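Here is a short briefing on one structure. Please look over the sequence and the fold, then read the points below.

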Amino acid sequence: MVAKRFPMKLDLKKGKVEMVHGSGGRAMAQLIEEIFVKHFSNELLDQGNDQALFKVTAGRMVMSCDGHVISPLFFPGGDIGSLSVHGTVNDVAMSGAKPLYLSAGFIIEEGYPLADLNRIVESMAVAAKKAGVMVVTGDTKVVERGKGDGVFITTTGVGVVPEGVFISGDKAQDGDAILVSGTMGDHGVAIMSSREGLEFETEILSDSAALNGLITQMVEAVPDIHCLRDPTRGGLATTLNEIAQQSGVGIQLIEDDVPVHEDVKAACELLGLDPMYVANEGKLICICAPQHAETLLNIMKSHAYGKNAAIVGKVVEDEHGFVQMETTFGGSRIVDWLAGEQLPRIC
Amino acid sequence: MKYIDEFRDGKLARKLSKAIAQEVDKGRTYNLMEFCGGHTHAIFRYGIQDLMPDNVKFVHGPGCPVCVLPIGRIDNAIALVEENDAILCTYGDMMRVPASGRKSLLKAKAAGADVRMVYSTQDALKLAREFPDKEVIFFAIGFETTTPPTAVAIKQAKVEGLKNFTVFCNHVLTPAAIQHILQSPEVREMGAVSIDGFFGPSHVSSVIGTEPYEFFTEEFQRPVVIAGFEPLDVMQSALMLIRQLNEGRSEVENEYTRVVTREGNLKAQALVAEVFELRREFEWRGLGMVPYSALSIKEEFAEFDAEVRFSVPKIVAYDVKGCECPSILRGVKKPTDCKLFGTICTPENPMGSCMVSSEGACAAYWSYGRFRQPDAKSGAKVIKIEKEAA
């Protein structure tokens, strides 16, 4: 039997990440073994090579990459670890694909507590397991104190698209129905409520979740879904503008039908924000032929991540690619792309 | 949201819309200026113009605090933070307002200046306590609503003996500006702007009360209705203004009775009077020099006055060529009359201040895109056509 490589275990209570943990030497090997491999362990990662080797299946694959730099790293309803899995799994799944493998690149700031790093990695592993994907390869870099903000995580995902599924942002057509899988703006408000200088009491949790399970059911029932997209940064408004432009169509929303949690509404009111522009991390927009709308709505509603799903509008012919909304008040307005950041009103 | 949704009720809106349609005299036009950016925002956000008869027009006034600040004062703020290695804190909207030489506080921050966005004066005080070796300057802007918190901060700094906290004071006064607009040649003689009545500010009036407006309803014979910022408030107030005009009355009426009283918030007024005094004149973007329209810090509190501590110079700066912000702020032109609007001036890359804040007329026009609604020949469906803009 080979002798134990590291006589002293990492101090996961009080220890800190040091520059040496990114140096490529024994200390890095120990960090990888005692934190990353410990939590992520699977047959591909455990091969212990610089790359993961796996067989490819026939058909079409998708690949997507997402960098995570969220602040704070731990927030109500999640943390950067789970988020970095959900974000990429969702990006892969929005093509209708079944996500299979993830890579994880860590950039860690010198002095970051090993206990917190361990928590983040554990949370990532739990999220990956729940989503049914494997973290099969990774990378660790350490930067000097002050050159990072705790931890940044970049994940890349690959997945396989089922036969006969052709979901794309350019396929929205005149007459299509627009559905959302739940309340808008939960993630953004949860983050803002815990951000320094802006703490306020709310019970809103981030909606951060992997939607591949829900999408699998939707695609099985209706392979001919036209578009799927997750309204992350920029919120529903910005994502619909992207689709309108990509597809060369107009979009008509009914404000009354867009689900928004009461607490999110109240927080947005206080901060001068518009929930239509606030980020989500566990919601999807689905655009489909009108005759499929009810079927898909019912599938969403019976799924844990789609309980508050709703039909919120329709696609119309419009060469200008405008997104318009009939307001609760009875007027109409254009819902434009998010400009700059959402800044609070001051008077 | 209870107590807010009630003021955004679509059914009530349609009822009010009918009542207004019945009340208006079809033979005339009603030009109603909303002084406050808050009203401008509500009008666009909720599509209130759609619910108004064609002959009721909203004229957007200068009541957006970041819009009326002259460029020179923003240049001052940038110099303050850059030259004194200080921490400059301010409210969010101020960060993106263009200064001279294509600069802004946001760009100064990107270039290394320590500019921070705060949500209250208390955050600024906190920074001063946290960084005793740094000068912490609060870039104070806004109308009567934001003035009392600044007064509180200055008093608190004095009690605590904070040596590194100062305020760059740019607080301005609403009644002086309204009076200035009514006295301007464009309104009085040239007839370029016709203003028949005013929506009075809601938050500002909660502090100053309704009394200060009584003078110019008499002097200038224009009705004022103090209006809340919710869309139903705006519609109800429009109806009240139209009734006054139809009956030939010119009075101060208060629609926003749930908050505003005749005398206002006396405690806040006393606080402001203790710390601030009137400036003889102050430059407003769009209005020029307006007498007794702004506040400065009293000598008693001079140690907290950034203008005193850092000898802030007077900078005369000019708008970007072609920028119509000054005329738009006076209600003389509409955003769509500006050549830069939507071409080189957009919310992503604002050339003038009106394109920055959500309360600025240009940003409201752009974000809610009414001007872009195409004409019939484009063949676009289900699109209503903006009445006032081509």
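The crossing of α2(A) and α3(A) is right-handed. The model is predicted.

**Helix pair in chain A**

- Two packed helices are described by the angle between their axes and the distance between the axes.
- Here the pair consists of α2 (residues 80-93) and α3 (residues 114-131) of chain A.
- Their axes come within 6 Å and cross at roughly 35°.
- From α2(A), the contact takes in Ile80(A), Gly81(A), Ser82(A), Ser84(A), Val85(A), His86(A) and Val89(A).
- These meet Ile120(A), Val121(A), Ser123(A), Met124(A), Ala127(A), Ala128(A) and Ala131(A) of α3(A).
- By class, the contact of α2(A) with α3(A) holds nine nonpolar residues, five polar ones and no charged ones.
- An α-helix has 3.6 residues a turn, so residues three or four places apart point the same way.

**Chain A overall**

- Chain A has eight helices and 13 strands.
- Its C-alpha atoms fill a box of roughly 70 × 55 × 35 Å along the principal axes.
- The radius of gyration of chain A is 22 Å; a compact globule of 347 residues would have one near 20 Å, so the two agree.
- Of the 347 residues of chain A, 50% count as buried.
- Take the contacts in chain A between residues at least 6 apart in sequence: 85% of them join residues at least 24 apart.

**Helix α2 of chain B**

- In chain B, helix α2 spans residues 37-45 and is mostly covered.
- Eight of its nine residues are buried.
- The buried residues of α2(B) are Gly37(B), Gly38(B), His39(B), Thr40(B), His41(B), Ala42(B), Ile43(B) and Phe44(B).
- After α2(B) comes Gly47(B), with a positive phi near 65°.

**Ile315 of chain B**

- Ile315(B) sits in the loop between α13 (306-309) and α14 (325-329) of chain B.
- Ile315(B) counts as partly exposed because it has 15 C-beta neighbours inside 10 Å, and a residue needs 20 or more to be buried.
- Leaving out residues up to four places away in sequence, Ile315(B) touches Gly72(B), Asp75(B) and Asn76(B).
- Ser120(B) is 195 residues from Ile315(B) along the chain, and their C-alpha atoms are separated by 27 Å.

Terms used:
Residues numbered from 1 in each chain as written. Chains lettered and ligands numbered in written order. Predicted model: local features only at pLDDT ≥ 70, side-chain atom pairs only at ≥ 80, totals over all residues. Helix = DSSP H or I, 4+ residues; strand = E, 2+ residues; numbered from the N terminus. Rg over C-alpha atoms; globule rule 2.2 N^0.38 Å. Buried ≥ 20, exposed ≤ 12 C-beta atoms within 10 Å, placed from the backbone. Contact = placed C-beta atoms within 7 Å. Axes fitted to C-alpha atoms, helices over the stretch in contact; angles between N-to-C directions. Left-handed = near helix turned anticlockwise from the far one by under 90°. Nonpolar A, V, L, I, M, F, W, Y, C, P; charged D, E, K, R; others polar.
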